[in-house]
Structure formats: structure tokens, C-alpha cells
Amino acid sequence: MPAIDPRPRVEDGPRVPAGATASPVDPAPARRGGRRRKLGAYVALTKPRIIELLLVTTVPTMVLAERGLPDLLLVLATLVGGTLAAGSANTLNCYLDRDIDKVMHRTSGRPLVTGAVTPREALTSGVLLGVASVLWLGLVVNWLAAGLALAAIAFYVVVYTLGLKRRTPQNIVWGGAAGCMPVLIGWAAVIGSLSWAPVVLFAVIFFWTPPHYWPLSLRYAEDYGRAGVPMLGVVADEAVVTRRVLVYSYVMVAVSLLLWPVAPTGWLYGALALVLGAAFLLEAHRLDRRARRGLRGRELGPMRLFHGSISYLTLLFVAIALDPLLLG
């Protein structure tokens with residue numbers, strides 16, 4: 001008879017004393033962790049940082065429309081609906097662009113690329129968010145705001161993602177119109193109709209989008225080129241891109257000053273719009289000079305204008321909100 005080794009083998013795990021019952025491993029923490037990761041993946045599909053920037057423009061627009069503080073419940077309801085709408089558009093964009101995201105270093109960590117979410121799950125989530133946003137805004141805010149949200153989703157998904165993004169370097173110019181819709185939604189939520197003031201705000205963001213996004217396309221030109229996306233930074237020389245950035249920047253600043261008589265706003269907004277516009281144009285000129293000197297890649301420093309453009313838009317809309325609150 002072979003001898004029995006009393007020592008526990010590694011694969012046997014810890015020994016259980018005689019008469020004791022082994023306690024089963026509780027699977028609940030693992031399930032909870034899995035659910036949190038799944039929820040985080042769904043949230044990542046909505047591109048929360050982009051949504052933050054869109055909502056930054058909504059609240060000041062509502063303050064301007066009210067000429068003071070609007071009803072806080074209305075503001076909250078509008079922000080919820082706007083978040084759902086933007087989340088829907090971004091999720092559907094991730095679903096349609098998953099082949100591009102797979103080959104781009106900048107987007108290689110997105111949930112559809114890593115497999116954290118399946119294409120079917122992403123499509124279902126995007127559609128449900130869109131339906132929820134329209135119904136929420138229609139039933140809680142008003143149907144004009146709901147219709148504008150639906151138009152924004154459709155434009156971003158159908159016109160930009162499916163129609164323009166892979167076909168023309170002007171993709172971001174016209175596709176950026178979807179990102180201008182929150183100001184119309186915010187104004188409609190308060191007033192129930194539209195006027196020239198929200199149209200001017202729409203135009204500010206419309207002309208802001210190319211100077212904001214084209215520097216990013218310069219920074220990630222190799223990424224976009226590998227994916228076959230004809231962003232302007234891929235198909236044009238750096239000096240051409242920065243010259244167009246300058247043109248759109250001047251138009252943007254001019255349109256921002258047009259809000260002064262149209263809204264109308266007071267001296268506070270006018271002064272801040274002038275200062276912020278001058279700072280933006282100064283940085284745009286610096287980028288153009290570096291490009292004309294032949295600097296490329298990191299030496300060109302396009303991300304300075306990219307990050308600066310976010311600060312510009314945020315502070316401009318802070319000025320839009322402060323003007324009626326402080327000057328009445």
C-alpha cells in the first residue's frame with residue numbers, strides 16, 4: 001500500500017478541520033465589481049467630457065433668456081434631457097465608428113474596442129437614450145426643446161458620422177452644427193420659441209468648432225490618416241490649416257460681439273467678449289506663425305490652442321450668464 005502524504009497539496013487549497021464545513025466563496029463582490037465596470041463602460045460611450053462642455057453653454061443661455069435666474073427645476077430638467085440626448089448621439093457615434101476607433105491610438109481604449117460593451121449593447125443603449133431624451137424633454141420641458149434634441153441626434157449621427165466624417169475635410173465644419181444645438185434647446189426651454197439671440201449663440205459655437213478641432217487634427221494627423229479619415233490636418237499642410245483657423249477665429253470673435261446689440265447684453269459681456277476674443281486671436285496668430293516657420297509635430301504646439309479654445313468658450317458663456325445677473 002502506498003504511503004499517504006499528510007501534507008496538503010497546493011491545488012487542494014487550505015485544509016478544513018475535521019467536522020467543519022467549508023464556507024463557499026461569496027460571488028456578490030465580484031458581481032458588483034462586474035456591474036460597476038459595465039456601467040462605467042456604458043458611461044464612457046457617452047463621452048462625458050464632451051457632454052460637460054455642451055452643458056456649459058446651456059445654463060448661461062437659459063439665464064440670458066430669462067434675464068435672470070430661471071426656475072431651477074426647469075434648468076435641471078433641461079440638463080437631464082440634454083445629457084441624455086448628447087449621450088445618445090455619442091454612443092451611436094461610437095457604435096458606427098468602432099472600426100476607426102480600433103486603429104486609432106487616441107481611441108483604442110474605448111469600450112467597443114476593448115470588448116467591454118458589445119456592438120448590440122451599444123446600439124441598444126444609444127437608441128434608448130435618444131428615445132428617453134425626446135420623451136423627457138417633450139413631457140417635462142416642451143416639445144420644441146424635444147424636437148431640437150431629436151434634430152441634434154439625427155444630424156450628428158446621420159449627417160456627420162455617416163455622411164461627412166469619412167468623405168470630406170469639411171466634416172467638422174458642418175458636422176459641428178450638432179454641438180451648437182444645446183443653446184437652442186436651452187433658449188426654447190425658457191421661452192418656448194426661438195429668436196435672433198440664440199441664433200447668434202449658435203453661430204458663435206459653429207465658428208468656434210473648426211479652430212477648436214483642427215489643432216487636434218494636426219496633433220493626431222497620423223492617427224486619422226491611418227484610419228482613412230480626411231480631417232483637414234491630414235489632407236492639408238500645417239500652414240494651410242492654421243491660416244483657416246485664423247479666418248474662422250476672426251469670424252467667431254466678430255459674431256460673439258454681435259450678441260452685444262442683439263440680446264441685448266450690457267457692458268460687462270461686451271468687455272469680456274473683447275478681452276477673451278483678443279486672447280484667442282493672439283494664440284491663433286502664434287500657432288500660424290509657428291506653422292509658417294516650418295515647425296511641425298510637438299514643436300508646432302497645436303494643443304495649446306485646442307485647450308485654450310475650451311477655456312475661451314467656457315469663460316464667454318460665464319460672461320453671458322453674469323451680465324444679466326449682475327446688470328439686470
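Where does Lys47 have its place? Lys47 sits in the loop between helix H1 (28–45) and helix H2 (48–66). Please keep in mind as you look around that this is a predicted model. The tour below starts with the loops, moves on to the helices and ends with the aromatic rings.

**Loops and backbone**
- Phi of Lys47 is near 55°, which is a positive value in a residue other than glycine.
- Lys47 has 11% relative accessibility, so with the cut-off for buried at under 20% it counts as buried.
- Arg67, in the loop between H2 and H3, also has a positive phi without being glycine, with a value near 60°.
- With a relative accessible area of 33%, Arg67 is partly exposed.
- Pro264 is found in the loop between helix H13 (238–262) and H14, and the peptide bond joining Ala263 and Pro264 is cis, with omega at about -15°.

**Helix H10**
- H10 covers residues 196–219, 24 residues in total, and its first and last C-alpha atoms are 36 Å apart, close to the 34 Å expected at 1.5 Å a residue.
- At Trp208 the helix H10 bends by about 30°, and Pro210 follows within four residues.
- Of the 24 residues in H10, 19 are buried, so the rest of the structure largely encloses this helix.

**H14 against H15**
- Helix H14 (residues 267–292) packs with helix H15 (residues 303–327) at an angle of about 175°, and their axes lie 8 Å apart.
- Because angles over 145 degrees count as roughly antiparallel, H14 and H15 are roughly antiparallel to each other.
- Sorted by class, the residues in the contact of H14 with H15 are 18 nonpolar, two polar and five charged.

**A buried asparagine**
- Asn90 belongs to helix H3 (residues 72–96) and is buried, its relative accessible area being 5%.
- Asn90 and Gly126 are 36 residues apart along the chain, and their C-alpha atoms are separated by 7.8 Å.

**Aromatic rings**
- The count comes to six aromatic pairs.
- In the pair of Tyr156 and Tyr160, the ring centres are 5.4 Å apart and the planes stand at 25°, so the two rings are stacked.
- Tyr156 and Tyr160 both belong to helix H7 (residues 143–164), where they are four residues apart, about one turn of the helix.
- Tyr156 and Tyr160 are both buried.
- One aromatic cluster is formed by Trp174, Phe206, Phe207, Trp214 and Tyr248.

How values were computed. Residues numbered from 1 in each chain as written. Predicted model: local features only at pLDDT ≥ 70, side-chain atom pairs only at ≥ 80, totals over all residues. Heavy atoms only, no water. Helix = DSSP H or I, 4+ residues; strand = E, 2+ residues; numbered from the N terminus. Expected span 1.5 Å × (residues − 1). Bend = angle between axes of the 7 residues up to and from the residue. Buried < 20%, exposed > 50% of the residue type's maximum accessible area, 1.4 Å probe, protein only. Axes fitted to C-alpha atoms, helices over the stretch in contact; angles between N-to-C directions. Parallel < 35°, antiparallel > 145°, perpendicular 65-115°, else oblique. Nonpolar A, V, L, I, M, F, W, Y, C, P; charged D, E, K, R; others polar. Phe/Tyr/Trp six-rings, centres within 6.5 Å; stacked < 30°, edge-to-face > 60°.
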